Amino acid sequence: MSVELRPMKKIFYLALLFPLMLVVLDQNVCRYALVRLPGDFWLKREKAAILGTLKTYNSILSDFYASGGVPSLLDEFPATKAIKHGIFRDLGYIKSAEKILVYDMAETIPVEVRITAPGQAEAVVFESWNYMYQRVADRKPLTLPKGMGHGFKYRLAREKGKWLVQGWDPVDIEEPKKKPEFYF
Amino acid sequence: MMIRKLLSSTFDLGVAAGLALPMLIWLGAAKFGLKLDTAAIAGTAAFRLYYLALMFCSLLWIVNALRGRRYGSALAVLGLLLVMLQGVWWHGSRFSAKVALGEGETTAEFHEMDKGPWVKGVSLPIALVKGADGEKGEVVLFIDGRERKVRLNAPFFWKGFRLKATGQQQAPLFIVDAARGGNVETAYVKLGMDRTQSDFFQVGVLPHRFYASPSLHPGGEKPAEGPGSINSSKLHLRIVRDKLIIVDKDVAMGEAVYFDGHYITYKEGAPWVEVTVEKQQRPYLLIPAGVLLIAGAALGLRKRAR
């Protein structure tokens with residue numbers, strides 16, 4: 001009897017080991033599978049994580065600009081090297097004109113968050129910013145504060161357990177009148 | 001004695017089923033449930049480890065069967081091993097990409113590339129000599145040292161690759177000058193790419209992003225894609241510097257647009273086509289695998305009949 005059951009046991013243990021290995025070794029695929037399950041528990045969690053990443057991104061971005069490019073928060077900045085390079089390219093450009101750009105985020109309204117593939121996501125948000133230029137030497141305002149509201153589509157990738165902004169583009173969307181459930 | 005025990009116990013039908021079943025279930029669930037492509041499924045670490053384990057165990061089975069003079073069984077499992085090797089070969093040597101060829105351009109880079117780990121340095125000696133005149137026109141390509149006329153959207157083959165020129169668009173000539181004088185950069189920019197990545201370009205050391213797209217018709221709809229669909233006399237230009245939208249308007253050909261101490265203009269461009277490149281995968285190992293499976297089954301039946 002035990003000899004007949006042995007192959008079944010092997011099948012059982014090996015079949016059990018496979019999903020465990022998926023969970024440990026292929027986390028992005030597992031998360032992708034979870035967000036596609038019926039019910040939105042996992043999807044809500046992932047959306048919150050993505051929007052949290054965008055909040056950190058924009059908060060540190062404001063710090064970079066307000067400080068004139070002090071990179072003390074560079075390691076905490078949730079973005080790829082290419083994005084960081086682009087931001088410091090812009091900071092260098094502004095600094096060369098002896099200016100500082102002070103950004104202040106007024107509001108972010110999420111419009112759509114999608115998990116597009118394992119470890120890949122897209123988020124469309126409507127952002128409102130206030131900004132003004134100051135003189136580097138004495139921080140004297142060079143312009144009056146201005147406001148700007150526009151839609152942005154972010155592309156994010158999950159690396160080493162964290163979402164990172166991989167790219168973004170401005171998109172034409174109307175400012176949402178009704179704030180969605182996952183508004184922050 | 002130990003080796004014999006190891007050989008006989010490492011692989012049996014229980015292990016084979018235990019390794020193969022989760023892979024098959026995962027393949028079906030990921031393909032049809034999660035809509036993942038086969039390369040992504042096969043790329044998961046768990047799948048690869050199980051696949052390799054199954055191949056290794058098959059090898060042990062063959063050795064064990066040969067030692068026990070069970071030739072039919074050895075041949076059949078060798079056939080299965082070849083089928084699995086074919087899968088490894090397909091995954092490791094797959095290659096697909098797109099290349100955007102501008103008229104008269106001598107070099108072009110691949111984008112949207114998906115390639116297996118064994119594919120190194122694919123070079124495609126291809127250039128666009130002349131764009132198509134009409135909707136179903138032919139483009140003239142220069143491939144491997146000679147000219148070849150190719151119909152748009154019709155596949156053609158070259159050295160184991162399946163290629164297809166998919167549509168033609170315009171690449172206007174953009175000129176960026178400093179307001180104080182002096183040219184920053186002049187370049188043809190291929191517009192109308194249907195890419196998942198951003199479709200902006202940057203010039204010189206400027207941090208600005210330039211987004212150019214066909215301007216909207218009065219009705220609010222963009223022109224349909226196809227040769228000459230972009231109205232190159234008017235483009236929608238958006239210039240962005242980090243979050244700031246500096247310019248966002250329709251621009252006529254030759255009109256100089258001022259931004260941050262610079263001017264940008266565009267002129268009549270040159271056509272470009274996007275060519276999809278796909279390596280043709282041939283099932284070289286499946287034929288001998290089929291022969292071995294049949295031979296193995298025949299030997300097994302013959303032995304049983306005796």
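Predicted model: local features only at pLDDT ≥ 70, side-chain atom pairs only at ≥ 80, totals over all residues.
A search over all chains gives 17 salt bridges in the whole structure; the stops below cover some of them.

Start in chain A. Select E112(A), R114(A), E122(A) and K153(A), and show the side chains: salt bridges link these residues in a network. Within that group, go to E112(A) and R114(A), which form a salt bridge with 3.9 Å between the closest N and O atoms. The cut-off for a salt bridge is 4 Å, so this pair counts as one. How accessible are the two partners, E112(A) and R114(A)? E112(A) has a relative accessible area of 39% and is partly exposed. R114(A) is also listed as partly exposed, at 39% relative accessibility.

Stay in chain A and select R155(A) and D169(A). Their closest N and O atoms lie 3.1 Å apart, in a salt bridge. The bridge links distant parts of the chain, from R155(A) in strand 3 (residues 146–159) to D169(A) in strand 4 (residues 162–171), with the two 14 residues apart. Color by accessibility here: both R155(A) and D169(A) are buried.

Now move to chain B and select D248(B) with R238(B). This salt bridge has its closest N and O atoms 3.3 Å apart. Display the strands as well: D248(B) sits in strand 11 (residues 244–252) and R238(B) in strand 10 (residues 234–241), so the pair, 10 residues apart, can be followed from one strand to the other. D248(B), at 35%, is partly exposed.

Conventions
Residues numbered from 1 in each chain as written. Chains lettered and ligands numbered in written order. Heavy atoms only, no water. Buried < 20%, exposed > 50% of the residue type's maximum accessible area, 1.4 Å probe, protein only. Helix = DSSP H or I, 4+ residues; strand = E, 2+ residues; numbered from the N terminus.
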